[in-house]
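Hi,

Here is the structure I said I would pass on. Have a look, and then read on for what turned up in it.

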Amino acid sequence: MNKRIYLSPPHIDGLEKKYFEEAFDSNWIAPTGPSVDAFENDISNYLGIGKACALSSGTAALHLALRVLDIGPDDKVICPSMTFAASANAILYQGATPIFIDIDPKYWVTSIDDLEYSFKKFSPKALIAVDLYGQSCQYMEIISLCEKYNVALVEDAAEALGSTYNNKKCGTFGEISILSFNGNKIITTSGGGMFLSQNETFIKKAKFLSSQAREPFNHYEHKKLGYNYRLSNLLAALGRGQLENINKFVKKKTKYI
């Protein structure tokens, strides 16, 4: 019983090397580039979602989600009590107050029974719903409650790429959703993440803020606080190769459920 059980051990089968070498040989080794654009399009097409912004981590995507939603020091954000620290840390990055709620003991995700009570009591500005270990939240009920109480929904699907709920892929339920491509995720770019939304304005703002909020001039000019959050072109190339095997990875993972 001492054998380690990995969350999702990385697997490379050759496509990654092909895409990586193409990016390397093109001399696009700086952040951003054709592989980043292609990876964003690949993810968008796979999920059937409007737009995507490739970032250096899922944590960066969570932070930008709250920044784009204008979460600040006077706001409260609901977060499940069982999740990785990044879900809560992103709230603190914005100076907001995390409100932790219980999880459903059967599914290990946000408890619907506690959610409406928390909305009434705390009047939060946003909810971070976490699809823990690939298990989706109950989004029909969650979306209905978020609309009723005017709460923005951020879907933390860091661990749920390839999972579905009501025949719709995880990563498509939030006003903003996020993915992680850390080494322990179902596909990996070594380190990386993705900001997702049907709202093109949100995507444009995320790309702007993640590129140091540099204004569109030939000289360096910055009017807002930005971040160095964009994904490397080389790592995006790895992600493209990994994504081509996502259905095989999902099939293998669900075999033992």
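This is a predicted model, so please read everything below with that in mind.

What does the side chain of Glu 16 have a polar contact with, then? Its partner is the side chain of Gln 242, at 2.7 Å. Gln 242 also turns up among the contacts of Glu 16 beyond four places in sequence, along with His 11, Leu 238, Gly 241 and Asn 245.

Now for the surroundings. Glu 16 sits in helix 1, which covers residues 15-25. Tyr 19 and Ala 23 are buried in that helix too, together with Glu 16. These three lie on the same side of helix 1 because they cover an arc of only 75 degrees around the axis. Lys 17 and Asp 25, on the other side, are exposed. The cover over the buried residues includes helix 2 (34-47) and helix 8 (233-243). After helix 1 comes Asn 27, which has a positive phi, near 75 degrees.

On to the charged pairs: there are 8 salt bridges in the structure. One of them joins Arg 230 and Glu 40, with 2.8 Å between the closest N and O atoms. That pair ties together distant parts of the chain, 190 residues apart: Glu 40 is in helix 2, while Arg 230 is in the loop between helix 7 (200-210) and helix 8. Buried or exposed, these two? Both are buried. They also belong to a salt-bridge network that takes in Lys 207.

Asp 42 and Arg 240 form another salt bridge, at 2.9 Å from N to O. Here, too, distant parts of the chain are linked, with Asp 42 in helix 2 and Arg 240 in helix 8, 198 residues apart. Asp 42 is partly exposed, at 23% relative accessible area.

Lastly, Lys 223 and Glu 221 make a salt bridge whose closest N and O atoms are 3.9 Å apart. Lys 223 is exposed, with a relative accessible area of 59%, and Glu 221 is partly exposed at 25%.

Cheers

Terms used:
Residues are numbered from 1 along each chain as its sequence is written. This is a predicted model: local features need pLDDT of at least 70, side-chain atom pairs count only at pLDDT 80 or more; totals for chains, interfaces and linings use all residues. Side-chain values use heavy atoms; hydrogens and water are left out. Helices (H or I, at least four residues) and strands (E, at least two) are DSSP runs, numbered from the N terminus. A polar contact is a pair of N or O atoms within 3.5 Å; within protein, one must be able to donate a hydrogen and the other to accept it, and residues adjacent in sequence count only if both atoms are side-chain atoms. Contact means heavy atoms within 4.5 Å. Buried means under 20% relative accessible area, exposed over 50%, partly exposed in between (1.4 Å probe, protein chains only). The arc is that of the directions from the helix axis to the C-beta atoms. A salt bridge is a side-chain nitrogen of Lys or Arg within 4 Å of a carboxyl oxygen of Asp or Glu.
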